[in-house]
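Have the viewer open as you read.

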Amino acid sequence: MSADFSLLMPVYRGDDAAHFAKAFTSSVGDQTVKPAQVVLVQDGPVGDELAAAIDRVVEASPVPVTRHVIDENVGLARALDLGLTLCEHEIVARIDADDISLAERFAKQLPIVEGGVDLVGTGMFEFLDDGGAIVGRRTPRTGHDEIARYARFHDPFSHPTVMYRRSAVERAGGYQPLGLMEDYWLFARMIDSGASVENLAEPLVMYRVGAGAYARRGGRAQWRSELELQRALRRIRFTSRWEYLRNVTVRGVYRFVPEGLRKVAYRRLIAGGGAARD
């Protein structure tokens, strides 16, 4: 019998009610191996439509839901770190409120973690809001050594796909606010602290890429987050001085190129080093 695990899911006022309901259902009721607990962290007040959707899915959930409401919006990192303390099981899976888990996701990830891996992600299909048409596929790096090497340049995990050991996250210091790069910062610290990591190349999550997805990856706010991240990685000596300079240059330029070029660069260079494709 497989080990019990918790599903950690944040939600906030910017999430769409219908997207949230689909994300929840796909990651709970539709799974061939279901979580034993859902930890749903509401980060601040939400609108009536989203609040009603949350009430409906919690009431209909086939597994127990630990619902925690934070009075004021505190940001994703703090919400996730709080949610992690509410998880009753050592193994924890993540999903965001606008993505979709394919039915075999947990059935395929759980044996990897049970086999001794501390953190495992998967590939993803990218799909459009309208009609759900698949427009791309992200294929991650696999193998601990290759993942650790690639992590010096880019986040080697797609954050809505990961399953991990809670103790490994806590050993690395948990979720910490860092601009818009909280997940990458956590995964780098996990690798740095000795966590065993792996990816399944198979796409097991549908990742929503609505209008403006690539526009949001550019601009001054993203650049400031990028610089903060690269300084943090260098501070813990996760990256060398040369890697720091390379990252600031390459990833910095990427934040300011036109949106169309950014989309091409992301798919060919950033998302998977050539593995993400239409």
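Two strands pair if DSSP finds at least two bridges between them; helices (H or I, at least four residues) and strands (E, at least two) are DSSP runs, numbered from the N terminus. This is a predicted model, where local features need pLDDT of at least 70, side-chain atom pairs count only at pLDDT 80 or more, and totals for chains, interfaces and linings use all residues. Residues are numbered from 1 along each chain as its sequence is written, and side-chain values use heavy atoms, with hydrogens and water left out.

Start at E2. On one side, E2 pairs in the parallel sense with strand E1 (residues 5-11) over six bridges, with Ser-6 opposite Gln-37. E2 also pairs in parallel with strand E3 (residues 65-70), again over six bridges, and here Val-38 has Val-65 as its bridge partner. Getting from E2 to E3, the chain runs through helix H2 (residues 48-60) in a right-handed β-α-β crossover (with the strands pointing away from the viewer, the path from the first strand over the helix to the second runs clockwise).

Now the interior. A nonpolar core here is a set of buried Ala, Val, Leu, Ile, Met, Phe, Trp, Tyr and Cys residues joined through side-chain atoms within 4.5 Å. The largest one has 36 residues, and Tyr-164 is among those touching the most other members. Helix H7 (182-192) is one of the elements supplying at least two residues; H7 gives the most, seven.

Terms used. Buried < 20%, exposed > 50% of the residue type's maximum accessible area, 1.4 Å probe, protein only.
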